[in-house]
Amino acid sequence: MSEHELRVSKIRDGTVIDHVEGGQALNVLAILGIDGSEGFGVSVGMNVPSDRLGRKDIVKVEDRELSQSEVDVLSLIAPEATINIVRDFEVVEKNRVTRPDSVTGVLSCPNRNCITNADEPIETRFDVVADGVRCDYCATILRTDIADHIDV
C-alpha cells in the first residue's frame, strides 16, 4: 500500500473523528452509543501511523453529525481529536475539540460515598481540570480511565 493510498474509503456524508489517541476508538464508539444496531455505516482505523501522535485511531460515522455534548465528552478522552463534517464527499467543516469547563450528567463518580451514587435525584457534575476531572460534590479527581466512568 502506498503512502497516499486510503486504508478506509471516503464517506459521502457524516463525521470523521481523527487524531484520537491510539486504542481509544472503541471508547469513542461507546460514547456515541454506537454498537452496530443503529444502521450507521462505521469505519474504524486503530493504531495507524500519525506524524502528530505517533499512533492514532480514526472513526468514520456515515449519515450522522455529532452534538456539542458528544464532542465535549469526546474531548475528555481524545483532547487532540479533530472533528470533520463531510457532505457529498467533501470536508465542509473541520474543528479541533476543545475541553469544556465542566461536564454534567455524563460521568459517574468513582467515589462510592459520593452523594451522586446514593439514591438521590442529583446529576453528576465534574469540573475539567488540567490533569483530569474533579467531582463538584465530593472533590474526587479522576485522572486516568475516564472512559470507564462515562455514563451516557
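Trainee: Which residues form the nonpolar patch on the surface?
Mentor: L26, V42, V44 and M46 form it, with about 300 Å² of accessible area together. Patches take residues with over 30% relative accessible area and no salt bridge; like charges are joined within 9 Å, nonpolar side chains (Val, Leu, Ile, Met, Phe, Trp, Tyr) within 5 Å. A salt bridge is a side-chain nitrogen of Lys or Arg within 4 Å of a carboxyl oxygen of Asp or Glu. Areas are Shrake-Rupley values with a 1.4 Å probe, and for residues only the protein chains shown count as cover.

Trainee: What sort of model is this?
Mentor: A predicted one: local features need pLDDT of at least 70, side-chain atom pairs count only at pLDDT 80 or more, and totals for chains, interfaces and linings use all residues. Residues are numbered from 1 along each chain as its sequence is written, and side-chain values use heavy atoms, leaving out hydrogens and water.

Trainee: What about the open sheet? Which strands form it?
Mentor: Four strands, in the order β6-β7-β8-β9, with antiparallel pairing. β6 (102–104) and β9 (141–142) stand at the edges with a single partner each, so one side of each has no neighbour in the sheet. Pairing takes at least two DSSP bridges between two strands.

Trainee: How many bridges join β7 and β8?
Mentor: Four, between residues 125–129 of β7 and 132–135 of β8. In β8, C135 is the bridge partner of F126.

Trainee: New topic: E70. Where is it found?
Mentor: In helix α2, residues 68–77. E70 counts as buried because its relative accessibility is 15%.

Trainee: What is E70 in contact with?
Mentor: I31, L32, R64 and E65, leaving aside neighbours within four places in sequence. Contact means heavy atoms within 4.5 Å. Also, a polar atom of the E70 side chain lies 2.9 Å from the backbone nitrogen of S67.

Technical notes:
Helices (H or I, at least four residues) and strands (E, at least two) are DSSP runs, numbered from the N terminus. Buried means under 20% relative accessible area, exposed over 50%, partly exposed in between (1.4 Å probe, protein chains only). A polar contact is a pair of N or O atoms within 3.5 Å; within protein, one must be able to donate a hydrogen and the other to accept it, and residues adjacent in sequence count only if both atoms are side-chain atoms.
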